[in-house]
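Let's take a walk through the aromatic rings of this structure. Have the model open as you read.

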Amino acid sequence: MDADRKQPEEPKVLAFCCMYCAYAAADMAGSMRLTYPPNVEIILVPCTGRVEIHHILEALENGADGVCVAGCEEGSCHFSVGNLKAKKRVAYVKTLLEELGIDPDRVEMFHISASQGPLFAKVASEMTENIRRLGILKWNKQRG
Amino acid sequence: MVVAERKPIKEILAMMAEYKKILLVGCKGCVTVCCAGGTKEVGILASALRIAKKKEGKEFEVIERTLERQCDPEYIEQVASIVENDGIEAILSMACSVGPQYLAKRFNVPVYPALNTTFIGGALEHGVWAEFCQACGNCVIHHFGGICPVSRCSKSLFNGPCGGSAGGKCEINPEVDCAWHLIYERMKALGKLDDMAKVFPIKDWSTSRDGGPRKVVREDMKL
């Protein structure tokens with residue numbers, strides 16, 4: 001029966017969102033009743049500069065199939081350069097993933113200002129679609 | 001400080017191929033400062049190794065510790081109970097090569113280096129380190145305006161630049177400063193250009209590994 005058929009497993013995307021911009025943009029997307037996939041789980045951070053390389057790796061290791069780091073637009077970080085640091089760290093993680101034979105597209109950096117609710121919804125949808133295309137990481141299958 | 005950098009993950013994975021449980025040990029000394037083997041780097045490498053093993057569907061456990069230093073036996077002792085009681089199959093050290101040698105001396109399990117020890121140097125800026133010393137064992141920098149010709153001249157010349165110096169750069173690489181250009185500029189600024197006319201005698205290299213591994217003994221410090 002159709003009702004008994006198992007739903008295909010969905011990928012999980014973790015989004016580290018800066019409280020000054022991308023998190024507010026996600027909030028705005030909600031206020032605007034814009035839809036984006038429920039695959040994206042948001043973690044509020046005081047600045048993307050707080051996101052360390054091991055935070056991203058441990059997310060992939062422990063259940064996330066993709067990670068996005070969403071910070072302020074370049075030049076408008078509340079802490080001056082936090083988003084630029086995050087951008088470099090994401091680039092470093094990509095090189096590490098390549099070394100590990102994992103598609104570096106699983107990790108992305110985005111710059112979204114607080115007023116860009118629609119952009120957040122678009123980025124969340126595109127990222128989810130990308131990760132769905134890359135598939136669920138082997139060790140994350142049947143995570144229950 | 002001693003400057004080091006992580007070996008390629010593939011090389012480390014090949015070392016770890018047969019193990020299921022390892023101890024990954026960082027060092028809070030030089031390699032923390034040069035961002036190669038401190039607590040943060042231990043966390044990153046541990047996570048990367050676990051991901052690689054999960055990808056292969058293999059069981060793998062990493063116990064992470066970062067010691068104050070790995071070049072003193074008393075700190076090495078701090079991981080003794082883990083190595084001896086927790087079923088550790090191998091130790092992976094993120095210190096300079098002194099660390100894994102101390103660990104190997106103390107414990108009867110295979111020890112592997114996760115880093116390549118590169119040189120004695122300092123930071124030029126955040127994320128950039130350069131060589132400043134080759135531990136020749138007989139410092140002469142005061143004769144050269146505080147710039148070491150042994151480590152910073154590609155040929156370790158003592159009496160002026162070679163023909164490969166052009167525009168203040170070394171012929172080996174346009175990004176490398178010619179040490180002798182730097183020495184000249186420094187001596188000029190110090191008003192000591194005349195000193196450059198003095199011929200420096202052939203350096204006595206007997207302090208520079210001439211007699212094999214070196215040792216420093218301080219009788220007053222011994223217990």
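**Rings that meet**

Searching the whole structure turns up 8 aromatic pairs over all chains. To pair, rings of Phe, Tyr and Trp (its six-membered ring) need centres within 6.5 Å; planes under 30 degrees apart are stacked, over 60 edge-to-face, and the rest tilted. Take B:Phe144 and B:Phe158: their ring centres are 5.7 Å apart and their planes sit at 80°, so this pair is edge-to-face. It ties together distant parts of the chain, 14 residues apart: B:Phe144 is in the loop between strand E7 (128–133) and helix H7 (149–152) of chain B, and B:Phe158 is in the loop between H7 and strand E8 (169–170) of chain B. (Helices, H or I with at least four residues, and strands, E with at least two, are DSSP runs numbered from the N terminus.)

This is a predicted model, where local features need pLDDT of at least 70 and side-chain atom pairs pLDDT 80 or more, while totals for chains, interfaces and linings use all residues. Residues count from 1 along each chain as its sequence is written, chains are lettered from A and ligands numbered from 1 in the order written, and side-chain values use heavy atoms, leaving out hydrogens and water.

B:Phe144, B:Phe158, B:Trp180, B:Phe200 and B:Trp205 make up one aromatic cluster.
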